[in-house]
Amino acid sequence: MDRDVQFIGQSGAFLDAVERTSRAAPVRRPVLIIGERGTGKELIAQRLHRLSPRWGEPLVTLNCAALPETLIEAELFGHEAGAFTGATRARAGKFEEADRGTLFLDELGNLSMAAQERLLRAIEYGEIARIGAARPVEVDVRVIAATNADLPAMAQAGTFRADLLDRLSFEVITLPPLRERESDVIDLADYYGRRMASELGRDIWPGFGPAALAALEGHDWPGNVRELRNVVERAVYRWDREDEPVNEVVFDPFASPWRSGAAASATPAVAPPPQTQAPAPTSLRETVEAYERGLIAAALERHRWNQRKVAQALGLSYDQLRHCLKRHALTKD
């Protein structure tokens, strides 16, 4: 696979999702991908297609949230000339374009009830009818759908067809958010950092410094991998000392002392966790100590100094955390 669809990560939850994807790929059944924004749902869809017997056929993508409800059915199923105002000529829909291949429906939860009914028939019987057509057309399409919506709850509330959900959920692949893949954050950051340094024409990649690494691991990543990529690429681009490790990352690109509104901040949201600026570490031991201190400081900020939550997040006992806090002078008392 090319560089834009590589999977980076070693966490158990992530590898489990990739493994399930690989197992489901050769099976001609619908697959439903669930995940928050930026978790890589489209990459999973591409993997399902490329590892299937349909890899040489089209992979057609439609974002169901990108079109108004009045046009979504025409986009999916096509239309005949004169079927509605503005339809001056016949046009094939996404299903016909994806014949013998794969159709990826992103943001499935935005599909109208009428389109859901037609989609169910297309999956169930392998035939679709263009709007305004008298006869259906047979198609051989594998449907992969993705959403960050709670489809079972929508089905229970009557806003999503339960029978369509049953048909789509032969296999459901739920992608873990990045905050549950903490061991993968540094691998991903290094990967995107190297790519950005290469794009900028830099001869070396010095990596990230301890403060930046601690900040990256301590962030909640609401935008997941997509957010991480932006943060890392911005940090590398802004770092002028090309031969030194990148030691400053900005999570909020809008942060500014001149930002209007109540949410304005007097200082930019720069990543190094609040701590007294110390000289750059000169030995392995000092580097490890600085890295450990940064991790703990970031966790304290993230959990608002709730030491029991911090200990749980770092995999430490309460006594071990207290010892670390004293050793790094991070106690408030």
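Visitor: Are Y191 and Y192 buried or exposed?

Guide: Both Y191 and Y192 are buried. Buried means under 20% relative accessible area, exposed means over 50%, and partly exposed is in between (1.4 Å probe, protein chains only). Before we go on, this is a predicted model: local features need pLDDT of at least 70, side-chain atom pairs count only at pLDDT 80 or more, and totals for chains, interfaces and linings use all residues. Residues are numbered from 1 along each chain as its sequence is written, and side-chain values use heavy atoms, with hydrogens and water left out.

Visitor: How many aromatic pairs are there?

Guide: First the rule: rings of Phe, Tyr and Trp (its six-membered ring) pair if their centres lie within 6.5 Å; planes under 30 degrees apart count as stacked, over 60 as edge-to-face and the rest as tilted. By this rule, the count is 5 aromatic pairs. One of them is F77 with F95, a stacked pair at 5.5 Å centre to centre with 10° between the planes. F77 belongs to helix α3 (residues 69-77) and F95 to helix α4 (residues 94-97), so the pair ties together parts that are 18 residues apart in sequence. Both F77 and F95 are buried. Y191 and Y192, by contrast, pair edge-to-face, at 5.2 Å centre to centre and 65° between the planes. As for the names, helices (H or I, at least four residues) and strands (E, at least two) are DSSP runs, numbered from the N terminus.

Visitor: Which charged ends sit over a ring?

Guide: A charge sits over a ring if NZ of Lys or CZ of Arg is within 6 Å of the ring centre and within 35 degrees of the ring normal. Here R181 has its charged end over the ring of F14, 3.9 Å from the centre. Likewise, the charged end of R308 sits over the ring of Y318, 4.3 Å from that ring's centre.

Visitor: What angle do α9 and α11 pack at?

Guide: Two packed helices are described by the angle between their axes and the distance between the axes. Axes are lines fitted to C-alpha atoms, for helices over the stretch in contact, and angles run from 0 to 180 degrees between N-to-C directions. Helix α9 (residues 210-218) packs against helix α11 (residues 284-302) at about 35°, with the axes 8 Å apart. On the α9 side the contact (heavy atoms within 4.5 Å) is made by residues including L213 and A214, and on the α11 side by residues including A290 and Y291.

Visitor: How many residues of α2 are buried?

Guide: Helix α2 (residues 41-50) is mostly covered, with 7 of its 10 residues buried. Among them are I44, A45 and L48. The cover over these buried residues includes α1 (12-24), β1 (31-34) and β2 (59-63).

Visitor: Where is F170?

Guide: F170 is in the loop between α7 (162-168) and β7. With 49% relative accessibility, F170 counts as partly exposed. F170 and V31 are 139 residues apart in sequence, yet 6.2 Å apart in space, C-alpha to C-alpha. Leaving aside neighbours within four places in sequence, F170 touches V27, R29 and P30.

Visitor: What is phi of E107 and of W221?

Guide: Most residues other than glycine have a negative phi, and most peptide bonds are trans. Phi of E107 is near 55°, a positive value, and phi of W221 is near 55° too. E107 lies in the loop between β3 and α5 (113-125) and is partly exposed, with a relative accessible area of 23%. W221 is in the loop between α9 and α10 (224-238) and, at 0% relative accessibility, counts as buried.
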